[in-house]
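Here is a structure to look at, followed by some questions on how its features are named.

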Amino acid sequence: MPQQCSIEQAVERILDEIDGPIRLGLPLGLGKPNRWVNALYARLRECPERQLTIYTALCLGRPRAGQDLQRRFLDPFVERVYGDYPELDFLADLQGDTLPANVRVEQFFLQPGSLLDSDSAQQDYTSSNYSHAARDINAKGVNVVAQLVAEDSSRPGHFSLSCNPDITLDLLPLLQARCERGETILCLAQVHDHLPYMPGDAELPRETFDIQLQENEASTLFSTPNMPVTVQDHCIGLHASTLVRDGGTLQIGIGAMGDAVSAALLARHADNPSYRAVLADLHDGQAHPLTALLGDQQPFDVGLYGCSEMFVNGLLALTDAGVIRRVVYPDVRVQRLASAGALDANGQPRGVQAMLDAGLPERLDEATLNWMQEGGLLDANLKLQGENLLLPTDQQCSTELSDPLSQAALRDYLTPAKHGVWVHGGFFLGPQSFYQRLADMDAGQRSRFGMTGIGFINELYGEEALKRLQRVEARFINSVFTVTLLGAAVADQLEDGRVLSGVGGQYNFVAQGHALPDARSILLLRSWRESAGEVTSNIVWEYGHVTIPRHLRDVVITEYGIADLRGKTDAQVIEALLGVSDSRFQAQLMEQAIEAGKLPKDFQLDPRVTSNTPERLQAIADRHGASFAEYPLGSDFSPEEQDLLRALTWLKGKFRLSEVLELGKAALDPPPAEDFPAHLQRMGLEQPDGLREELYQRLLLSGLKATTIRGT
């Protein structure tokens, strides 16, 4: 069992037992024991002779605003939602480029956009596929691993890796091999009282860890509140939802576009007439050919299986609604039975003959009996007796399963297969309601969510036969921020080399989309963006960096429709992407392609795609208001905060908020303050003090007038 230590005692043990540099591995995202990490970091700041390198990803810090008007909105919200969440002390130093000389932080995925201006973070970023992270961290010689875990009084000999089995499960065998070669490696666990206990692969014996902190953590879990889903995002989600086939497999990512896909799938299942009416309006009555080829617009009968590196809030909502309910099994032979239809939706065998038709051996020998009983398919009380099978009633039947008498005798002893799951995930992160929903489930419900190693989810190799059976009709849906007209996509890095986030598992899933025979990779893209009053296209002729090379191009979806790029010529790819680009930029993009010799000089766009405008989509949204909910999966923002966030986003898009004098023109004709008293009070601007606050009030009122459909 692990040694019980205080935070300071655990720091001392690490310093005493690890000779030379400390190479600390921490989980991605939520699973870091921040208080202990802070104690170790504080000690190492005072010991410049000891080297510390931290290997991790997605270090989570509270959102911060860089401008006063935004701070007035954000600070009260952060205080309410993040409470006593303990920040990582090294993160502030990393952001300010003030890490001590003896400390380095190497990450393979950054909190999106948070470290663009940190030289040390940019220089020590490691570009690796998520599935290679354990390999790369082990190769660097990690010698300390520290992680938050969950415990359950009914499982006293175990911990659950809960939110983060992702890399740990892949890393532990590599560490064990090094320990057997004589290396000293220490694993530390701290129980967090609010983490849900996830069973299955995420559950480990307590002796896996060398140290357990005596102090359980009970602080607020870091959360990612649902952000607004715009008309642009909703249209993207609606298009994507038509390519998802009933009985298939779904992977989606975090963010508003992922929420939009979830919302569209929920609508398809629960309010199909309204869903189809919106699509008919979007498509002018003509569905994209890929819908018939790959997907559908009908409710879900069989249901989907979720397989996603990040178990997101949208997947949980889809499970609650019965959209995700196709069960998969960890045993390849059981999965073959399920895939062949020999098991019903609850894992119950449909009969002995159905299993024979699906490949069950015709004679029940010792090995087959043990396998069936261990997998839950057959009552554990049945035993072999010579050439016959002894039933609990002391009757006997032949072990020849094709015998109708044996089939009839065994009918009452067939039982549901064990260990089936609806969703496989490597880590989770979401709003507080997501954590609470998991915590409120009983153990049986939580067992349907298989938290496991990222190598299982993100790659096909290793148990490939099983994965291919499970991942039928897979739709791997990810978002990007730029696509070139030749089909390459950008999701992680700016053109100047600065990293926004990381490759993560995106490349893994795109590759799987090509490796599985009936799968598709689907990249979601907002076709345009607006910043400080400048509108630009996100579909461009060229870009100085790509995340997904163009030889892996497949399906790209914007708010204007679906572009099928797989196996197409360059000219066909360009035409398809022009068809889903914003009409404000089509002429320029077409001119660039013609000049490069990639389109005929007399090329003309199909007139049906020359009206790709935000105004057209807004008119559709106005006609189908209920289908365009701003927070379809719920919100942590109050009604006033939702209005304020919309207004601030509008102001940020139109103007540079850091240059206050430029904003005077926006404040010339605001509505009266009496129209929005609660909003002004929330921002501390009901009684402005001085010229700057008066300008802020007028700006805010102008933004509210432009974006809010109701006042008060």
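**Helix crossing and pocket**

The axes of helix H8 (residues 231-241) and helix H10 (residues 272-282) cross at roughly 105° and come within 11 Å. This is a predicted model, in which local features need pLDDT of at least 70, side-chain atom pairs count only at pLDDT 80 or more, and totals for chains, interfaces and linings use all residues. Residues are numbered from 1 along each chain as its sequence is written, and side-chain values use heavy atoms, with hydrogens and water left out.

Q: Why is H8 called roughly perpendicular to H10?
A: Angles of 65 to 115 degrees count as roughly perpendicular. The axes cross at roughly 105°, so H8 is roughly perpendicular to H10.

Q: Which residues of H8 and H10 meet?
A: Contact means heavy atoms within 4.5 Å. Cys235, Leu238, His239 and Ser241 in H8 meet Tyr275, Val278, Leu279 and Leu282 in H10. These residues divide into 6 nonpolar, 2 polar and no charged.

Q: What makes a residue part of the lining of a pocket?
A: A lining residue has an atom within 4 Å of a point of the pocket, an open set on a 1 Å grid where a 1.4 Å probe fits, with protein on both sides within 12 Å along at least five of seven lines. The second largest pocket is lined by 26 residues, and His288, Ile562, Gly579, Arg608 and Val609 lie nearest its centre.

Q: Which element supplies the largest share of the lining of the second largest pocket?
A: E25 does, with 4 residues. Strand E25 spans 561-564, and helix H22 (570-578) also supplies at least two residues.

Methods: Axes are lines fitted to C-alpha atoms, for helices over the stretch in contact, and angles run from 0 to 180 degrees between N-to-C directions. Angles under 35 degrees count as roughly parallel, over 145 as roughly antiparallel, 65 to 115 as roughly perpendicular and the rest as oblique. Ala, Val, Leu, Ile, Met, Phe, Trp, Tyr, Cys and Pro count as nonpolar, Asp, Glu, Lys and Arg as charged, and the others, Gly among them, as polar.
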